[in-house]
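Dear colleague,

Please find below the structure that I am handing over to you. A written account of the findings accompanies it.

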Number of protein chains: 2
Amino acid sequence: MSVTADNWVEKIRAGDVRAISRAITAIENQEPAAEGILRQLFPDTGQAYLIGITGSPGTGKSTLVDRLATRYRKQQLPVGIVAVDPSSPFSGGAILGDRIRMQGHATDNGMFIRSMATRGFLGGLARTTADVALLLDAAGKRVILVETVGVGQDEVDIVKLADCTLVVLMPGSGDEVQAIKAGIMEIGDIFVLNKSDREGADRFEQELTAMLSLAPERDGWRPPVVRTVATEDKGTAELTAAIEKFRAHFSAAERRDAKSIERWKQRLLELLQARLMQRVAGEGLGEAALGALAAQIAGRKKDPYSAVSEILARVGLK
Amino acid sequence: MSVTADNWVEKIRAGDVRAISRAITAIENQEPAAEGILRQLFPDTGQAYLIGITGSPGTGKSTLVDRLATRYRKQQLPVGIVAVDPSSPFSGGAILGDRIRMQGHATDNGMFIRSMATRGFLGGLARTTADVALLLDAAGKRVILVETVGVGQDEVDIVKLADCTLVVLMPGSGDEVQAIKAGIMEIGDIFVLNKSDREGADRFEQELTAMLSLAPERDGWRPPVVRTVATEDKGTAELTAAIEKFRAHFSAAERRDAKSIERWKQRLLELLQARLMQRVAGEGLGEAALGALAAQIAGRKKDPYSAVSEILARVGLK
């Protein structure tokens with residue numbers, strides 16, 4: 001696509017799918033143009049509601065996201081979907097496969113779908129996702145669904161970006177353990193018990209509710225459990241209602257602003273660290289060089305404090 | 001204490017308690033002298049075995065640490081104890097209270113005990129703990145016990161420093177949930193079922209063992225469950241034996257080196273980020289200034305990318 005940054009920005013604002021796709025690739029590859037575009041688009045952002053969806057593989061997240069997207073589209077709301085799979089080293093993978101099911105939306109201009117899986121040496125998948133969400137926000141999407149296979153720190157960082165986080169669980173052997181082990185109980189604003197027509201769903205719901213009742217309320221909100229069967233579109237109306245209730249609960253301007261400022265403070269620190277580390281990597285200190293230094297330190301041939309000073313001197317800081 | 005850096009280093013090497021204490025304070029306060037001392041002491045490090053102990057409040061961690069320390073002291077091994085409580089805003093707090101019980105060791109020169117609780121605006125408690133562990137290593141301690149009240153990211157970062165991590169659990173209502181919720185199942189090399197004379201201990205042990213059997217082995221090691229009653233010194237001999245077994249299992253030089261290099265790579269990145277952020281904070285960009293910037297961004301009066309560029313320009317980087 002041959003574009004100047006200016007008409008590129010125009011096209012994104014207008015919701016042009018190819019321009020948005022191209023800009024996301026620029027963000028993923030940390031192309032210099034990406035920042036200029038985000039800078040120009042930033043004043044247009046702040047309109048979208050970002051919903052994070054996380055849960056173990058096989059819980060039916062993708063189908064659920066599909067159903068939610070369809071419901072929001074019926075309300076004439078432009079929807080963006082970002083599917084993030086940090087566990088896959090290749091762009092695409094399992095999540096992209098799931099997305100094939102979504103082809104029904106392929107001709108819908110009010111819907112934009114993108115998979116992301118690349119994780120750089122310095123992490124940064126959460127940062128990339130945040131920038132992509134901003135881009136979709138500026139492109140006029142009013143609901144952004146960020147789906148991630150949930151377990152590690154990456155996923156926690158990603159859902160921290162969300163205005164509302166859904167944790168998707170399913171009844172069945174071992175999933176209780178999986179779900180809890182992930183440490184994702186604390187991040188859920190709403191718990192979705194999907195595949196709730198399966199055996200053991202009642203007991204699972206009871207256990208989950210009991211567990212949630214042990215946790216302290218957050219600002220007067222106690223996370224509800226919503227039962228769904230996404231493949232049959234059952235319970236999804238109740239789920240959007242629960243999301244709306246959560247949104248209304250936290251819409252008091254003061255509370256929302258405080259949360260927003262706190263989030264931007266975090267993001268500023270992250271952006272700053274990322275930029276500083278990019279600068280360091282730009283000075284030839286990539287993963288291999290760092291590994292060599294670490295080996296010297298492990299062998300006590302060099303101390304880590306001197307090593308850091310040397311790196312900083314190379315970057316022009318002392 | 002009036003000291004030059006040189007005789008300070010000498011005194012630390014000799015295990016002088018006051019010199020060690022003073023140096024830890026310097027590390028905590030990020031005094032310029034701290035780095036010089038760590039630099040000089042670094043070649044003396046690499047001898048200590050670092051054991052991390054984590055678990056929910058009330059599981060009896062401190063008593064257990066006390067018992068372990070006593071056992072290692074009986075083997076003539078110099079012991080260092082670092083008790084970290086990130087949840088407490090004040091130095092001391094609950095953990096220091098527990099430490100009063102340890103007064104039995106107060107006159108033992110082979111034992112050094114320190115509580116830490118200060119968390120700076122940029123985090124860094126894990127980094128401080130790492131530096132303190134290096135210091136104790138250089139001061140001749142051969143076993144370093146790092147105890148932390150375990151749940152959040154801070155604790156996970158702290159135990160990552162350890163050569164061997166003990167997760168302490170206890171039978172009784174709700175603790176199953178607490179323990180699992182913390183996401184600490186994955187970080188335990190050995191699970192300690194303390195207060196194992198209580199009702200429900202057998203069932204708890206069964207559940208725990210079943211849960212652990214679901215997890216994949218790591219390098220041929222499957223975390224065992226050791227039952228203890230620390231208050232009566234029961235099971236602590238078995239626990240030191242389990243630790244020794246773990247140590248032997250991972251003592252193959254090649255594997256240990258690879259782990260050590262990986263750890264130093266992480267620490268180098270952390271040190272580097274910390275130094276860069278210190279530099280930023282040094283330019284007057286403390287928490288308040290950052291909050292003000294975040295408020296401007298939240299209000300869309302400024303974009304985050306320009307804000308970061310401005311900060312970098314102030315530090316002398318572009």
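The paragraphs that follow set out what was found, from the whole assembly down to a single residue.

Please bear in mind throughout that this is a predicted model.

I begin with the relation between the two chains.

As to the contact itself, chain A contributes 48 residues and chain B contributes 48 residues. On the side of chain A that touches chain B, at least two residues are supplied by each of helix 3 (32-41), helix 8 (175-181), helix 9 (201-214), helix 11 (253-282), helix 12 (287-298) and helix 13 (304-315) of chain A. Helix 11 of chain A provides the largest share of that side, 15 residues. By class, the side of chain A that touches chain B comprises 30 nonpolar, 8 polar and 10 charged residues.

Chain A has 318 residues, of which 46% count as buried. If one takes the contacts in chain A between residues at least 6 apart in sequence, 75% of them join residues at least 24 apart.

In chain A, helix 4 (residues 61-74) packs against helix 10 (residues 236-249) at an angle of about 70°, and their axes are 10 Å apart. Helix 4 of chain A is therefore roughly perpendicular to helix 10 of chain A. A:Arg67, A:Leu68 and A:Arg71 of helix 4 make this contact with A:Thr236, A:Leu239 and A:Thr240 of helix 10. The contact has 2 nonpolar, 2 polar and 2 charged residues.

In chain B, the axes of helix 4 (residues 61-74) and helix 10 (residues 236-249) come within 10 Å and cross at roughly 70°. Helix 4 of chain B is thus roughly perpendicular to helix 10 of chain B. Here B:Arg67, B:Leu68 and B:Arg71 in helix 4 meet B:Thr236, B:Leu239 and B:Thr240 in helix 10. By class, this contact in chain B has 2 nonpolar, 2 polar and 2 charged residues.

Finally, I draw your attention to one loop residue. B:Gly110 lies in the loop between helix 5 (93-99) and strand 3 (111-116) of chain B. Why does B:Gly110 count as partly exposed? B:Gly110 has 17 other C-beta atoms within 10 Å, whereas a buried residue would have 20 or more and an exposed one 12 or fewer. Not counting residues up to four places away in sequence, B:Gly110 touches B:Arg73, B:Pro78 and B:Val79. B:Arg73 is 37 residues from B:Gly110 along the chain, and the C-alpha atoms of the two are separated by 7.3 Å.

With kind regards

How values were computed
Residues are numbered from 1 along each chain as its sequence is written. Chains are lettered from A and ligands numbered from 1 in the order in which they are written. This is a predicted model: local features need pLDDT of at least 70, side-chain atom pairs count only at pLDDT 80 or more; totals for chains, interfaces and linings use all residues. Two residues are in contact if their C-beta atoms, placed from the backbone, lie within 7 Å. Helices (H or I, at least four residues) and strands (E, at least two) are DSSP runs, numbered from the N terminus. Ala, Val, Leu, Ile, Met, Phe, Trp, Tyr, Cys and Pro count as nonpolar, Asp, Glu, Lys and Arg as charged, and the others, Gly among them, as polar. Axes are lines fitted to C-alpha atoms, for helices over the stretch in contact, and angles run from 0 to 180 degrees between N-to-C directions. Angles under 35 degrees count as roughly parallel, over 145 as roughly antiparallel, 65 to 115 as roughly perpendicular and the rest as oblique.
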